[in-house]
Each structure stands twice: as structure tokens, then as C-alpha cells.
Amino acid sequence: MEGRIPLKLLVTIVDRGKGAAAVRLYRAHALRFEYLVMGLGTASSKTLDYFGLAETEKDVVLTLIPAPKAGQVVAQAGRAFGLSRPGHGIVFTVPLSGASRQIPMALCKPENLPPDRGEREGEKMESSIRYDLILAVVNQSYTDTVMDAARAQGARGGTVIHARRMGSDKREMLPGFALQPEKEIVVILTPREQKHELMKAIHRAAGPATEAAGILFSLPVNDMMGLQAPVPEENL
């Protein structure tokens, strides 16, 4: 079964305090692997005023989901959190290349899957990728540098997650730049055609050769709601 039904990482970014509601929604779909991370939105004060938002603190919920269920669950989350309106959050999935053996066994039980969807989902996955998730890992206090460069290339916003390098409490030196333990991860969702220019701009402003000492990578995104990308009607 695990060879036929791929898994995805379902990422939900909503206002602080709404993460628990997302978990309840996903558990109603027999999803049992979810993790809550504290995040911070990068919207400017002008944008916040425009949307009537008082804060940018976010809940980031990471959930494992069988690929055949992703479209249906993303659409339901979009309705539950009003993601068709700007500033209310975003939900998207990232395809996974592997997982612990017990996870597919627990999530991909036939009674929890849509009928006749498992075989076709893997074939559709690659062709459905229209967005990418850019992750920029930078030293603390350089998130504005990342977002200024990204916005200059058309990015609308992102989410910041505080992180710490494991294994050392001191600055480490690699050829060309220093690795500090305290980090910020800037997460930006972008249409695939804009990814290359965005990453080049961020690299110039906050790459390894700068004081931000940034490291960049990107992941493909499948199902998505909340960035002017409606879910296909077949999943509603």
C-alpha cells in the first residue's frame, strides 16, 4: 500500500490561536500526525492596517496526509478559515519522498481514503506543481533584509520561524562565512515562474557572503489555498 499511495506534508499558517481548530479539522479526517510551530508574519504595518489585522503572530501546523485526500482537506480548510479573503492564512501541501513505515500504514487505510483515487494521485502529482516554497535560513535580525529583496521581485509576504542550530553553542566558521546558533527561517510561497528571480534576489541581499549568512532552498508545492489560487472544482 505504501508504495502506491504517496504522502504529503500539509502546511497550515493561520493567526495565533487558530492552530488548535486546524488540528481538530484534520483529526476529523483521521489524520494523526500534526505538529504546531509558532511563527511570525512579515506583512508591513501598512498591509496590516489595510486588512484590519492587529498582529502578525501565526500558528504553523505541520500535518502528514495521504495524497488522495489532500485536495478535499485543503478545500475544507480554506472554507473553515476563510482563506479566499486576503490576510486570513494559507494552506498548502509539499510532496514527500519517504516516511517511516508505520506512518503510511496508519494514514492510508482504505476506509479513510476517497474511492479510486490512490492509483491516479501519484501520476498527477508532478504535473500539478505550480508553486514553490522558498526557505531562507538567516542570522537573527536579517528577516527584513530577506523580505525587502523578495518584495522587490513581487513577493507578497512570508512567515518567520525562529530556529537554533543543534550541536553547538558557539559560532562556527566555514569557508567564507560564520554559522551562528540562533537563526530565523523565512518561508515564502511563490508561483513557480517567479522562484528563480526571487531566490537570486535573496541570495544577493542575504546569501552566504553577507552578514545574514543565508542558506536558501526550495520545495515543490501541490494543493494550495490562500494565495489567489483556487482549488480545482473536482476537489470541492
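Here are a few worked exercises on the structure above.

The model is predicted, so local features need pLDDT of at least 70, side-chain atom pairs count only at pLDDT 80 or more, and totals for chains, interfaces and linings use all residues. Residues are numbered from 1 along each chain as its sequence is written, and side-chain values use heavy atoms, with hydrogens and water left out.

**Exercise 1. The whole chain**

Find how many helices and strands the protein chain has, and what share of its residues is buried.

Solution. Step one: the protein chain has 7 helices and 11 strands (DSSP runs numbered from the N terminus: helices are H or I with at least four residues, strands are E with at least two). Step two: 47% of the 236 residues count as buried (buried is under 20% relative accessible area, exposed over 50%, partly exposed in between, with a 1.4 Å probe and protein chains only).

**Exercise 2. Helix 3**

Solution. Finally, look past the helix: Gly-82 follows, with a positive phi near 60°.

**Exercise 3. Glu-34**

Is Glu-34 buried or exposed, and which residues does it touch?

Solution. First place it: Glu-34 lies in strand 2, residues 34–41. Glu-34 counts as buried because its relative accessible area is 14%. Leaving out residues up to four places away in sequence, Glu-34 touches Val-23, Arg-27, Val-61, Leu-62 and Thr-63 (a contact means heavy atoms within 4.5 Å). Now zoom in on Arg-27: its side chain makes a polar contact with the side chain of Glu-34 at 2.7 Å (a pair of N or O atoms within 3.5 Å; within protein, one must be able to donate a hydrogen and the other to accept it, and residues adjacent in sequence count only if both atoms are side-chain atoms).

**Exercise 4. Two alanines**

Compare the phi values of Ala-30 and Ala-213, then see where each alanine sits.

Solution. Ala-30 has a positive phi near 65°, and Ala-213 has one of about 50°. Ala-30 is in the loop between helix 1 (19–27) and strand 2; Ala-213 is in the loop between helix 7 (192–206) and strand 10. For cover, Ala-30 is partly exposed at 22% relative accessibility, whereas Ala-213 is buried at 3%.
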